[in-house]
Every structure is written in C-alpha cells, then in structure tokens.
Amino acid sequence: MFQSTAYSGKKEKDYQLLIKQLDALSEGERDATALLANASALLNQFLSDVNWVGFYVWKEDELVLGPFQGLPACIRIGYGKGVCGAAIKEKATQRIADVHAFPGHIACDSASNSEIVVPILLNDSIYGVLDIDSPNFDRFDELDQTYLEQFVSVLEKHLAA
C-alpha cells in the first residue's frame, strides 16, 4: 500500500524520492494504463503549482488522451501540433515558459500559462508523452526537466517490461 510521504522541501532530494516511489509502485505491473494512472497520481500529489498532469499515448499516428489528473482535456493531438506534438516530432522535451507565445499552442485549459512535455520512447519508437501544465508562467526549470526526464526513464523501463 502506498503511503504519502512528507517531502523535505529540498527539490533535488524530493525528486529522487519521487523517482524511487515510482519505481517501487510500478514493480511487477505489466498493465500500461495502471502504470500511467499511478504515475500521474504520484506526480499530481508531488508537484505544486500545477493544474494538469497526465499522459497522451501514440495511437494510429496521433496522440490520444491517457490517464491524467486535472480538468477534462483535449482527446486527440496530431503529430507536430501544439507542445505535445512538438515533443513527439522532435523526440525532445519541450519546456515552455509562456504557452501563449508558443506558435500553434493548443489551449485545453485556459488557466495554463506554462508547460513541460517529456516524450516517452520505447526502443526509440514513440510511445507517448508526459504533459504537465501550470497556471504560473515559467513554472518549470532545468532541475524539473532533468528529474522529469529521469521519471519518464523509470516509467519507460516498466512499460517495456
């Protein structure tokens, strides 16, 4: 059974604990929906100043909404469209300080002002993305990016098992 842990307030140390929690929660689980659901719930309880945390899964040449925490969201996103589509097209994390300045941004929640999207790749093939939105401008920094990419790496390991 998962028990919520009081984080220390030291960002790097807390991210390291978060990643260990994800690894332990995911151990032995083979169902992708269960893995993504727990990962989104874990991130939602860990991160402050976010209004949406979830996943889009690559199906039939588009991203399709997967498990998430937050308000209802866009169901399908095309290749190269918006921040999520850019992450897939470039196979690289997109850390956007002001989504309103991002050409072609898809506004699923008008309260979102910044966003980070980390691609999920299995054997170098597109699996989907981790998408996190914040009502704060410039919410995500390099440390967030580094550890969210590590979080996704652990998730990829379990999705590939």
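At 47% relative accessibility, Lys59 counts as partly exposed, a class that lies between buried (under 20% relative accessible area) and exposed (over 50%), with a 1.4 Å probe and protein chains only. Welcome to this predicted model, in which local features need pLDDT of at least 70, side-chain atom pairs count only at pLDDT 80 or more, and totals for chains, interfaces and linings use all residues. Residues are numbered from 1 along each chain as its sequence is written, and side-chain values use heavy atoms, with hydrogens and water left out.

**Around Lys59**
- Lys59 sits in strand β1, residues 52-59; strands (E, at least two residues) and helices (H or I, at least four) are DSSP runs, numbered from the N terminus.
- Between Lys59 and Gly128 there are 69 residues in sequence, yet the two lie 8.6 Å apart in space, C-alpha to C-alpha.

**Helix α1**
- Buried in α1 are Asp14, Tyr15, Leu18, Ile19, Gln21, Leu22 and Ser26.
- Seen down the axis of α1, these buried residues fall within an arc of 160 degrees, so they line one face of the helix; the arc is that of the directions from the helix axis to the C-beta atoms.
- On the other side of α1, Lys13, Lys20 and Ala24 are exposed.
- The cover over the buried residues of α1 includes α2 (32-46) and α4 (142-160), where contact means heavy atoms within 4.5 Å.
- After α1 comes Gly28, with a positive phi near 80 degrees.

**How α2 and α4 pack**
- The angle between α2 and α4 is about 160 degrees, and their axes are 10 Å apart; axes are lines fitted to C-alpha atoms, for helices over the stretch in contact, and angles run from 0 to 180 degrees between N-to-C directions.
- The two helices, α2 and α4, are therefore roughly antiparallel to each other, a term for angles over 145 degrees.
- Residues of α2 that meet α4 include Leu35, Leu36 and Leu42, and their partners in α4 include Leu148, Phe151 and Leu155.

**Helix α4**
- With 19 residues, α4 reaches 27 Å from its first C-alpha to its last, close to the 27 Å expected at 1.5 Å a residue.
- Among the buried residues of α4 are Asp144, Tyr147, Val152, Glu156 and His158.
- What covers the buried residues of α4 includes α1, α2, β1, β4 (94-96), β5 (114-122) and β6 (125-134).

Technical notes: Parallel < 35°, antiparallel > 145°, perpendicular 65-115°, else oblique. Expected span 1.5 Å × (residues − 1).
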